[in-house]
Amino acid sequence: METKLIKIDNVKGQRDALHAAGELIRSGEVVAFPTETVYGLGANGLDADACAKIYQAKGRPSDNPLILHVANRSMIDQVAAAIPDKAEKLLAAFCPGPITLILPRRSLVPDRITGGLSTVGVRMPEHDVARALIAAAGVPIAAPSANISGRPSPTTAEAVLTDMDGKIPLILDGGSCDFGVESTIVDAVGDKAVILRPGAITKEMLEEVLGAGNVIIDPALVGKDSVPRAPGMKYTHYAPKAPLTLIEGMPTRMVRAFRQEISRLQAAGHTVGVMASHEVLQELADIVPRELMADYGHQGKLPSIAANIYEALRSFDDKEADVLLGEGTTAVGLGLAIMNRLHKASGFRSIQA
């Protein structure tokens with residue numbers, strides 16, 4: 001299969017291209033498209049056979065649920081059997097935007113989308129290309145991240161092409177994604193709102209809307225096994241090709257911890273790659289070649305780090321490193337999402353600085 005890549009610079013001026021992409025979705029094909037978080041791999045969310053092509057292209061486990069992307073409230077009502085009061089408040093506060101709500105499903109939503117669960121994840125993306133594609137398709141679009149399962153999620157069309165070339169007919173190129181980590185997933189069915197996957201909408205932001213004590217974090221986020229109620233909860237995700245170990249702790253102790261571990265690994269014959277802040281990399285220039293470094297931004301600048309971590313992880317695929325070390329961040333606010341992705345990428349391997 002030939003994979004075509006179309007750059008979308010102007011949604012209104014390129015309606016024909018978007019209409020053609022919508023036709024592909026309606027005909028049961030898979031189209032990759034940008035959102036404000038990461039690129040998605042989309043198919044008709046009401047067509048089980050079309051969604052099977054997503055699992056095939058990604059090599060994704062069949063019990064890992066998919067998120068339905070919608071263009072408006074009427075599409076939510078089409079797939080959700082009910083919208084609890086807390087979900088209404090979150091819709092009003094954050095949609096369209098980088099949040100996914102777990103809601104009771106209607107029977108027309110295929111089991112293949114939900115992993116057999118009685119609920120469905122629904123998201124209304126903010127990105128204009130994503131919303132235009134959904135509107136052109138006229139159906140909810142099921143879409144996980146547009147990468148091979150377990151690999152770092154793509155934040156550029158070029159990264160999608162690396163993983164999906166020859167597997168899907170079309171990639172819509174809408175430029176680099178703004179947030180760089182997937183949407184916050186919130187289970188809105190029970191008494192409290194439960195964060196199943198952290199993202200740009202933080203626990204603190206949710207509590208501002210729902211009240212302190214009404215938002216909790218699912219235990220599975222700290223590595224406990226569970227039935228996956230949302231994408232990314234059960235399986236190792238976001239992993240580079242070389243094994244990654246995190247170094248966590250006080251920023252003032254990072255450089256010393258990195259130098260000790262790099263020296264140990266190099267003495268054992270390893271070629272070490274380092275993904276870290278600009279400040280740490282500056283202090284390692286004498287022992288790590290520049291080509292084996294990935295700079296994910298300045299310490300403490302969490303939005304920049306979130307936007308850069310997946311590209312930083314992917315950058316080592318073309319480098320000679322056989323082991324990787326990564327710098328951890330705070331786990332507060334947006335840092336919770338960053339550390340969730342880094343812990344998944346490292347398989348929870350870490351060293352305390």
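This is a predicted model: local features need pLDDT of at least 70, side-chain atom pairs count only at pLDDT 80 or more; totals for chains, interfaces and linings use all residues.
Q: Which residue has a backbone oxygen 2.8 Å from a polar atom of the side chain of R123?
A: The place to look is strand β6, residues 119-123, where R123 is found. Leaving out residues up to four places away in sequence, R123 touches, among others, T35, E36, T37, G97 and P98. Of the residues in that list, E36 has a side chain joined to that of R123 by a polar contact of 2.9 Å, while the backbone oxygen that lies 2.8 Å from a polar atom of the R123 side chain belongs to G97.

Q: Is R123 buried or exposed?
A: A residue counts as buried when its relative accessible area is under 20%, and as exposed when that area is over 50%. The relative accessibility of R123 is 2%, so this residue of the model counts as buried.

Q: Which residues of helix α6 are buried?
A: Helix α6 covers residues 128-137, and its buried residues pack against several elements, including α1 (15-26), β2 (31-33), β4 (67-69) and β8 (170-173). After the helix comes G138, whose phi is positive, near 75 degrees. The buried residues of α6 are V129, A130, A132, L133, I134 and A137.

Q: With which residues is A137 in contact, leaving aside its neighbours within four places in sequence?
A: A137 lies in helix α6 and has a relative accessible area of 3%, which means that it is buried. Once the neighbours within four places are set aside, the residues in contact with A137 are G22, I25 and R26.

Q: Are α1 and α6 roughly perpendicular or oblique to each other?
A: The axes of these two helices come within 8 Å and cross at roughly 60 degrees, and the crossing is right-handed. Angles of 65 to 115 degrees count as roughly perpendicular, and those under 35 as roughly parallel. The helices α1 and α6 are therefore oblique.

Q: How many nonpolar, polar and charged residues are there in the contact of α1 with α6?
A: On the side of α1, the contact is made by L18, H19, A21, G22, I25 and R26, and on the side of α6 by V129, A132, L133, A136 and A137. Sorted by class, these residues divide into eight nonpolar, two polar and one charged.

Q: How many charged residues are there in the contact of α4 with α8?
A: Helix α4 (residues 85-94) and helix α8 (residues 203-210) have axes that come within 10 Å and cross at roughly 115 degrees, in a right-handed crossing. In this contact, K86, K89, L90, A93 and F94 of α4 meet M205, L206, V209 and L210 of α8. By class there are seven nonpolar residues and no polar ones, and the number of charged residues is two.

Q: Is the peptide bond from C95 to P96 cis or trans?
A: P96 belongs to the loop between α4 and β5 (99-104). The peptide bond that leads from C95 to P96 has an omega near 0 degrees, and its form is cis.

Q: Which side chain is joined to that of D286 by a polar contact of 2.8 Å?
A: D286 is found in the loop between α10 (278-283) and β14 (293-295), and because its relative accessible area is 56%, D286 is exposed. Its polar contact of 2.8 Å joins the side chain of D286 to that of R259.

Q: What is the value near which phi of F348 lies?
A: F348 lies in the loop between α12 (334-346) and β16 (350-352), where it is partly exposed, with a relative accessible area of 38%. F348 is a residue other than glycine with a positive phi, and the value is near 65 degrees.

Q: How far apart in space are I6 and I185, C-alpha to C-alpha?
A: I6 sits in strand β1, residues 4-7, and, not counting residues up to four places away in sequence, I6 touches A17, L170, I171, L172 and D173. I6 and I185 are 179 residues apart in sequence, and their C-alpha separation in space is 30 Å.

Notes: Residues are numbered from 1 along each chain as its sequence is written. Side-chain values use heavy atoms; hydrogens and water are left out. Buried means under 20% relative accessible area, exposed over 50%, partly exposed in between (1.4 Å probe, protein chains only). Helices (H or I, at least four residues) and strands (E, at least two) are DSSP runs, numbered from the N terminus. Contact means heavy atoms within 4.5 Å. A polar contact is a pair of N or O atoms within 3.5 Å; within protein, one must be able to donate a hydrogen and the other to accept it, and residues adjacent in sequence count only if both atoms are side-chain atoms. Axes are lines fitted to C-alpha atoms, for helices over the stretch in contact, and angles run from 0 to 180 degrees between N-to-C directions. Angles under 35 degrees count as roughly parallel, over 145 as roughly antiparallel, 65 to 115 as roughly perpendicular and the rest as oblique. A crossing is left-handed if the near helix is turned anticlockwise from the far one by less than a right angle, and right-handed if clockwise. Ala, Val, Leu, Ile, Met, Phe, Trp, Tyr, Cys and Pro count as nonpolar, Asp, Glu, Lys and Arg as charged, and the others, Gly among them, as polar.
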